[in-house]
Amino acid sequence: AGDGEVEPEQLSEADIFRAVKAIHEAAGLSSEVLVISLLFIERVRKLADLALLRCNWQPVLVTAMLVAQKVWDDVSLLNLDFAYVVSPFSVAELNAMEKRFLTLIEYSVAISAKTYAAYYFELRTLCEKEERNFTLKPLSTVEATRLQSKTAAMEEGLKNAGTVRREWASSGAVLKAGASSSDSFS
């Protein structure tokens, strides 16, 4: 850094791992949600040209996990329940963060089996390198087909909702396009 500039603190993999593990266990999320969360984090980084920094990684992680569990789980937590599990964020903050996240990824929640597999193996390799336990098995053919069709239908529904009104299960709240949103990610 130049004169007077302060270099941002580097993110610690251990800090991120602890946060993921705590949310995963407290919310009772399936392991597949972790893979999908990683995929969504990479998607928001690429589409929004978003750098993960010490000041934004937690909202990005929490929101990616929130959206991922809604995509994967047949019965997902409402934002009200998720706010209880992720205590630093209120329901209103989660609603705004979710809306902002979905906007940044252009409501692109569809996941192909090939893409899921690539992120699965990337996460498995990282865990093995760090000597962390990784017990998740690859998706079966049935699960992969379910993931592709379910996420494609969700994405189509979100995009077809138009610009007047976009809905996503958020404790019954309707998120309207153009309403103020959180800038937690910038």
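The buried residues of helix α7 are A144, L147, K150, T151, E155 and L158, where buried means under 20% relative accessible area, exposed over 50% and partly exposed in between, computed with a 1.4 Å probe on protein chains only. Seen down the axis of α7, these buried residues fall within an arc of 140°, so they line one face of the helix; the arc is that of the directions from the helix axis to the C-beta atoms. On the other side of α7, the residues T141, V142, A153, E156 and N160 are exposed. The expected span of a helix is taken as 1.5 Å times one less than its number of residues.

The structure is a predicted model, in which local features need pLDDT of at least 70 and side-chain atom pairs count only at pLDDT 80 or more, while totals for chains, interfaces and linings use all residues. Residues are numbered from 1 along each chain as its sequence is written, and side-chain values use heavy atoms, with hydrogens and water left out.

The protein chain contains seven helices and two strands, and from the N terminus on its elements run α-α-α-α-α-α-α-β-β. Helices (H or I, at least four residues) and strands (E, at least two) are DSSP runs, numbered from the N terminus. Of the 186 residues of the chain, 40% count as buried. Contact means heavy atoms within 4.5 Å; of the contacts in the chain with a separation of 6 or more, 75% are accounted for by residues 24 or more positions apart.

The packing of two helices may be considered next. The axes of α2 (residues 31-47) and α6 (residues 113-129) come within 9 Å and cross at roughly 105°. That makes α2 roughly perpendicular to α6, since angles of 65 to 115 degrees count as roughly perpendicular, those under 35 as roughly parallel, those over 145 as roughly antiparallel and the rest as oblique. Axes are lines fitted to C-alpha atoms, for helices over the stretch in contact, and angles run from 0 to 180 degrees between N-to-C directions. From α2, the residues E32, L34, V35, I36, L38, L39, E42 and K46 meet T115, Y116, Y119, Y120, E122 and L123 of α6. Also in helix α6 lies C127, which counts as buried at 10% relative accessibility. C127 and F17 are 110 residues apart in sequence, yet 9.9 Å apart in space, C-alpha to C-alpha.

Helix α5 (residues 91-104) has 14 residues and reaches 20 Å from its first C-alpha to its last, close to the 20 Å expected. Its buried residues are L94, N95, A96, M97, E98, K99, F101, L102 and L104.

The loop between α5 and α6 holds E106, Y107 and S108. E106 has a positive phi of about 55° although it is not a glycine, and Y107, likewise other than glycine, has a positive phi near 55°. E106 is partly exposed, with a relative accessible area of 48%, whereas Y107 counts as buried at 9%. S108 is buried, with a relative accessible area of 18%. Leaving aside neighbours within four places in sequence, S108 is in contact with F40, R43, E155 and K159.
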